[in-house]
Amino acid sequence: QVHLVESGGGLVQAGGSLRLSCAASGRIRSWYRVAWFRQAPGKERVSVVWTSWSGENTYYSDSVKGRFTISRDLAKNTVDLQMNSLKPEDTAVYYCAVSSTGSRTEYDYWGQGTQVTVSS
């Protein structure tokens with residue numbers, strides 16, 4: 001079992017930065033995949049970045065590439081998302097998710113989400 005807790009959301013002006021953190025409890029294996037998703041009001045939840053727990057492969061969606069950076073702290077079992085140059089369209093609830101099979105599309109553990117609001 002893996003339990004995920006996100007933190008770090010809030011309100012920021014366009015152009016500003018926020019850092020989200022996802023704390024994972026339970027045993028994380030190297031082949032697990034961890035991702036950050038977001039869901040804007042009235043829209044589907046979409047992946048913005050995923051990486052293997054080992055850090056071998058990382059993928060950023062085009063909408064955040066060059067602005068967001070995912071990082072892992074294996075000692076602390078945390079996965080952070082540094083978000084720079086934020087835009088109003090980044091406003092969403094952000095979720096951390098883990099796939100115990102390494103799947104890119106199917107995640108079996110989810111956090112509760114943290115709200116990010118970017119004002120124009």
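Reply: Two strands are said to pair if DSSP finds at least two bridges between them, and strands (E, at least two residues) as well as helices (H or I, at least four) are DSSP runs numbered from the N terminus. This is a predicted model, in which local features need pLDDT of at least 70 and side-chain atom pairs count only at pLDDT 80 or more, while totals for chains, interfaces and linings use all residues. Residues are numbered from 1 along each chain as its sequence is written, and side-chain values use heavy atoms, with hydrogens and water left out.

Me: How many bridges pair β1 with strand β3?
Reply: Strand β3 covers residues 18–25 and runs antiparallel to β1. Within β3, Ser25 is the residue that stands opposite His3. The number of bridges over which β1 and β3 pair is five.

Me: Which two residues form the disulfide?
Reply: The structure holds one disulfide, the term being used for a pair of cysteine sulfur atoms within 2.5 Å. One partner lies in strand β3 and the other in strand β9 (residues 92–99), so the bond ties together parts that are 74 residues apart in sequence. The two sulfur atoms are 2.1 Å apart, and the residues are Cys22 and Cys96.

Me: Why is the disulfide of Cys22 and Cys96 described as left-handed?
Reply: The description rests on the torsion about the S-S bond, and the disulfide counts as left-handed because that torsion is about -75°.

Me: Are Cys22 and Cys96 buried or exposed?
Reply: Buried means under 20% relative accessible area and exposed over 50%, with partly exposed in between (1.4 Å probe, protein chains only). The relative accessible area of Cys22 is 2%, and that of Cys96 is 0%. Cys22 is therefore buried, and Cys96 is likewise buried.

Me: How far apart in space are Thr78 and Ala23, C-alpha to C-alpha?
Reply: Thr78 is found in strand β8 and, at 14% relative accessibility, counts as buried. Leaving aside neighbours within four places in sequence, Thr78 is in contact (heavy atoms within 4.5 Å) with residues including Cys22, Ala23, Trp53 and Ser71. Although Thr78 and Ala23 are 55 residues apart in sequence, their C-alpha distance is 4.5 Å.

Me: What is the radius of gyration of the chain?
Reply: The chain holds zero helices and eleven strands. The radius is taken over C-alpha atoms, and the globule rule is 2.2 Å times the number of residues to the power 0.38. For 120 residues that rule gives 14 Å, and the chain is as compact as a globular protein of that length because its radius of gyration is close to this, at 13 Å.
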